[in-house]
Amino acid sequence: MFTDFKITEGRPLTVQVKEYLKQWITKGKGRVDQKLPSTRELSTMLNISRNTLVAVYTELEEEGYIYTVRSKGTFVSKVGIASVPSWHVDWQQHLSPVAQAATDLDLMKRDLRGEKGMINFASIAPDEKLFDLANVKRAFLDRMAIEGEILLNYGYAKGYKPLIEYLTGYMETKGVDMDGKDILITNGFTEAYDIILSSLNVNEKHILCENPTHHTAIKISRLQGYDITGIGMEQDGIDIGEMERALTENSFGLAFLTPSYHNPTGIVMSAEKRVEVLRLLAKHHIPLIEDGFNEELRYSGSHMAPLAAFGGDGNSVIYLGSFSKILFPGIRIGWIAADRELIDALVSVKRARNIHTSTLDQAVLYQYFHNGNFEKYLKRAKSEYKHKHELAVECCRKYIPHKRLTGTGGLHLFLELQDGIRSRDVLRDCYEQGVVFTAGDVFYTDGQGEGTLRIGFSRVSDEELVHGIQVIGKAVQRRMEENGC
């Protein structure tokens, strides 16, 4: 009896013993009315203080798991778990079309994933070594000291008011006219985009976007039942001529664009194209969802205002923001900045889904900003990422034969290989040598992109970056030789 009990270092022993005995009883190992060893006997069996076991037995009896009969001992109670005939469901046969599609589109299950020890260019998450832990801890303690009891209770679906006020000012510094607009705090970009698509009633469930585009946006769009038409990219952003033809030939309900440090190409849309894009969308009465992806990670050139700023006092642009690629993705904070009436409706949808985004996380992030830490952190992060960006560009140009290389900021580069070279073939070759990247076809709306790849450089050391790109380059060269290129 109890021979499988193991002590875990760092956890209160009372908690461990109590949990173990609860599971022993609820799993049916202990029969109803079975006598338990006395605390003195169990102390010897487990080599644990008798005082610990007295405390455990007392708490288990208070919770109804055991009972004591004076002068006879302690016994197992009848808990609310009955033995019934078991049966098994084939859940694969019960999955909805949405669940099946989500599984099919899940890159974490479908693509080759980096294992520990590999050089991983697939990630575009920020480098955790840069995380400002001391100031995050200070922000946590500061905010908890001010209103800790409030932060641990339910919050508001719209979000934590001080953070909303900060983000309103933040959007205004980007040049966005927030008059008549409001903000909803979300669990990152993913929830924001999903809430919007599920809440809007458009004449055509057809989205216009760049091609390639954010894989998560493709996935959510399709799960929400939208068709997608992708428009090709030029060095300064979306191809305006192709966009104009698509708008003339098709009907669209929405547009989704990432004008700055686009994912996956890293391209920044020119000011001239931003004006033309908004003109075309206004002409065809198509609302725009703008992804403010990586706007802060600009390493050179002048500041480029978001499309939401170019739109002036109009309300046709819905802006999605997130700090996940700049600060701390573990704090799932994103936001929607849009027309006040739309935000009011989205708040109700948010409340119906998950009540609210973690108030504690929002408050800590707000305090971090309030304490003046963000600008200091951003300056240090940009310096480090700029160095990695320049090194990655240099190495790609030196070692990887390619037709096109894009990415002037952000945390990744995008390459188009020579004709006939499939990036997934290259990925398999590199995987065997401990290097992974993201094959570019997952970002395309129409099955193209088999000769493209995305290289994320944010979480690799300089040495890994150089060696990993050399490995990719050699794999590409071998494939080219095999193809007679």
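The accessible surface of the chain comes to about 24100 Å², and 49% of that area belongs to carbon and sulfur atoms (Shrake-Rupley method with a 1.4 Å probe; for residues, only the protein chains shown count as cover). You are looking at a predicted model, where local features need pLDDT of at least 70, side-chain atom pairs count only at pLDDT 80 or more, and totals for chains, interfaces and linings use all residues. Residues are numbered from 1 along each chain as its sequence is written, and side-chain values use heavy atoms, with hydrogens and water left out.

**The chain as a whole**

The C-alpha trace spans about 90 × 60 × 50 Å along its principal axes. Of the 485 residues, 50% count as buried; buried means under 20% relative accessible area, exposed over 50%, and partly exposed in between, with a 1.4 Å probe and protein chains only. Take contacts (heavy atoms within 4.5 Å) between residues at least 6 apart in sequence: 74% of them join residues at least 24 apart.

**Two cores**

A nonpolar core here is a set of buried Ala, Val, Leu, Ile, Met, Phe, Trp, Tyr and Cys residues joined through side-chain atoms within 4.5 Å. The largest one has 59 residues, and those with the most contacts inside it include Ile-183, Met-243, Leu-327 and Trp-335. Helix α14 (residues 359-370) gives this core its largest share, 6 residues. A second, separate core of 31 residues includes Leu-415, Val-436, Ile-469 and Val-476.

Which residues does Leu-327 touch, not counting those up to four places away in sequence? They are Pro-126, Phe-131, Leu-365, Tyr-368, Phe-369, Phe-374 and Tyr-377.

Ala-337 sits in strand β11 (residues 334-339), and it counts as buried because its relative accessibility is 4%. Beyond its neighbours within four places in sequence, Ala-337 is in contact with Met-171, Met-178, Asp-182, Ile-183, Val-317, Ile-318 and Tyr-319. Ala-337 and Glu-290 lie 47 residues apart in sequence, with 9.9 Å between their C-alpha atoms.

Thr-452 belongs to strand β16 (residues 452-456). Its relative accessibility is 3%, so Thr-452 counts as buried too. The side chain of Thr-452 reaches the backbone oxygen of Gly-449 at 2.7 Å. With neighbours within four places in sequence set aside, the contacts of Thr-452 include Phe-414, Leu-415, Ser-423, Asp-441 and Tyr-444.

**Backbone features in loops**

The peptide bond from Asn-211 to Pro-212 is cis, as is the one from Asn-263 to Pro-264. Asn-47 and Ser-71 bring in positive phi values: neither residue is a glycine.

| Site | Backbone angle | Loop |
|---|---|---|
| Asn-211 to Pro-212 | omega near 10° | Pro-212: between β5 (206-211) and α9 (215-223) |
| Asn-263 to Pro-264 | omega near 20° | Pro-264: between β8 (254-257) and α11 (271-283) |
| Ser-71 | phi about 70° | between β1 (66-69) and β2 (73-76) |

Is Asn-47 buried or exposed? Asn-47 is exposed because its relative accessible area is 69%. Ser-71 has a relative accessible area of 80%, so Ser-71 is exposed as well.

Key:
Helices (H or I, at least four residues) and strands (E, at least two) are DSSP runs, numbered from the N terminus. A polar contact is a pair of N or O atoms within 3.5 Å; within protein, one must be able to donate a hydrogen and the other to accept it, and residues adjacent in sequence count only if both atoms are side-chain atoms.
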